[in-house]
Amino acid sequence: MRIGGHFHSDDPLDDAVACEARTAQFFLGDPQGWKGPVFPGGDPVALRDAYAAADVDIYIHAPYIINVASTNNRIRIPSRKLLDQQLKAAASIGAKGLIVHGGHVTADVDPAQGVANWVKAVQQIERPLPLLIENTAGGNGAMARSLDAIARLWDGVSAAAEGGEVGFCLDTCHAYSAGIELADAVDRVKAITGRIDLVHCNNSRDEFASGADRHANFPAGTIDPQALVAVVRAAGAPVVCETPEPGLAEDISWLREQIS
């Protein structure tokens with residue numbers, strides 16, 4: 001099982017190698033901005049080759065501001081454009097997947113409209129690598145918070161994909177904060193999606209069903225660390241730890257020891 005982390009430095013590969021990670025997730029630019037992708041080091045071919053030589057798999061996290069579910073044209077249309085750019089950029093460096101949050105609609109909007117907007121995005125945007133939709137922690141209009149919401153979204157996007165690569169990223173902190181019991185979360189998610197392509201293995205600073213998205217290191221959160229290990233084992237997918245620094249390297253090492 002390939003285990004690693006999300007690295008925020010200018011050289012994620014150095015960080016990954018330093019902690020013996022086999023996956024490295026990072027942003028291509030500002031996670032809160034609308035500007036197009038920026039490659040660490042500037043050369044996508046060199047980046048791809050360096051990670052391949054180090055035997056580290058790349059995962060790219062799309063900017064948080066992307067919300068293709070939105071009914072606001074000033075958000076939805078730029079979101080589609082940026083998502084398209086991110087997919088192409090991630091493919092150019094040999095990434096295994098691009099992770100994007102499910103997004104949300106406002107309280108006065110039927111979530112079905114958000115699903116319809118997702119369907120249009122999937123139909124219109126080329127996917128040169130897997131697009132992995134991630135569950136989220138809070139928000140009543142969230143597209144991928146509860147299991148029911150995930151099922152509604154998945155019915156739409158999986159039909160629209162027509163065999164194209166749309167997958168699922170399970171975040172343990174988000175699931176716990178959304179009120180999803182981790183003990184059977186993998187089975188229940190797989191019953192909906194048929195797959196888990198990546199696990200974001202994170203502890204939570206907040207209590208169960210809090211709706212808060214605040215990650216914690218494995219020893220410091222409110223989730224029993226062994227419950228996180230059980231999720232990783234059940235999912236059988238690559239893992240990215242998004243826990244805080246300092247402590248990320250220790251979390252990666254501890255999880256690797258538990259799984260080996």
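1. Alanine 209 is partly exposed, because its relative accessible area of 41% lies between the limits of 20% and 50%. Alanine 209 sits in the loop that runs between β8 (203–204) and β9 (215–216). The backbone there deserves a look: alanine 209 is not a glycine, yet its phi is positive, at about 65 degrees. Most residues other than glycine have a negative phi. The model is a predicted one, and the values in this note should be read with that in mind.

2. A second residue of this kind is glutamate 20, which is not a glycine and has a positive phi of about 55 degrees. Glutamate 20 belongs to the loop between α1 (12–18) and β2 (23–26). Its relative accessibility is 53%, so glutamate 20 counts as exposed, the cut-off for that class being over 50%.

3. The peptide bond that leads from glutamate 245 to proline 246 is cis, and its omega is near 0 degrees. Most peptide bonds are trans. Proline 246 is placed in the loop between β10 (239–241) and α9.

4. Now the chain as a whole. The protein chain has 9 helices and 10 strands. Its radius of gyration is 17 Å, which agrees with the value near 18 Å that a compact globule of 260 residues would have. Along the principal axes, the C-alpha atoms fill a box of roughly 45 × 40 × 30 Å.

5. On burial and surface: 53% of the 260 residues count as buried. The protein chain exposes about 11,100 Å², and carbon and sulfur atoms supply 48% of that area. Among contacts between residues at least 6 apart in sequence, 76% join residues at least 24 apart.

6. Which helix does α8 cross in a right-handed manner? The partner is α9, and the crossing is right-handed. The axes of α8 (residues 225–235) and α9 (residues 248–259) come within 10 Å and cross at roughly 60 degrees. From α8, the residues in contact are Pro225, Gln226, Val229, Val232 and Arg233. From α9, they are Trp254, Leu255, Gln258 and Ile259. By type, the residues of this contact divide into 6 nonpolar, 2 polar and 1 charged.

7. Is threonine 172 buried or exposed? Its relative accessibility is 1%, so threonine 172 counts as buried, the limit being under 20%. Threonine 172 lies in helix α6 (residues 172–177). Leaving aside neighbours within four places in sequence, its contacts are Leu182, Val199, His200, Cys201, Asn202, Ile223, Leu228 and Val231. One of these, Leu228, has a number that falls within the span of α8, residues 225–235. Aspartate 155 is 17 residues from threonine 172 in sequence, and their C-alpha atoms are 22 Å apart in space.

8. Valine 17 is in helix α1. Valine 17 is partly exposed, because its relative accessible area is 47%. Valine 17 and leucine 255 are 238 residues apart in sequence, and the C-alpha to C-alpha distance between them is 16 Å. Leucine 255 is one of the α9 residues that meet α8.

9. Alanine 107 is placed in the loop between β4 (97–101) and α4 (111–124). With a relative accessibility of 85%, alanine 107 counts as exposed. Proline 63 is 44 residues away along the chain, and the C-alpha atoms of alanine 107 and proline 63 are separated by 23 Å.

10. Lysine 120 is in helix α4. Lysine 120 is partly exposed, because its relative accessible area is 41%. Valine 157 lies 37 residues from lysine 120 in sequence, and the two are 8.8 Å apart in space, C-alpha to C-alpha.

Notes: Residues are numbered from 1 along each chain as its sequence is written. This is a predicted model: local features need pLDDT of at least 70, side-chain atom pairs count only at pLDDT 80 or more; totals for chains, interfaces and linings use all residues. Side-chain values use heavy atoms; hydrogens and water are left out. Axes are lines fitted to C-alpha atoms, for helices over the stretch in contact, and angles run from 0 to 180 degrees between N-to-C directions. Helices (H or I, at least four residues) and strands (E, at least two) are DSSP runs, numbered from the N terminus. A crossing is left-handed if the near helix is turned anticlockwise from the far one by less than a right angle, and right-handed if clockwise. Contact means heavy atoms within 4.5 Å. Ala, Val, Leu, Ile, Met, Phe, Trp, Tyr, Cys and Pro count as nonpolar, Asp, Glu, Lys and Arg as charged, and the others, Gly among them, as polar. The radius of gyration is taken over C-alpha atoms; the globule rule is 2.2 Å times the number of residues to the power 0.38. Buried means under 20% relative accessible area, exposed over 50%, partly exposed in between (1.4 Å probe, protein chains only). Accessible areas come from the Shrake-Rupley method with a 1.4 Å probe; for residues, only the protein chains shown count as cover.
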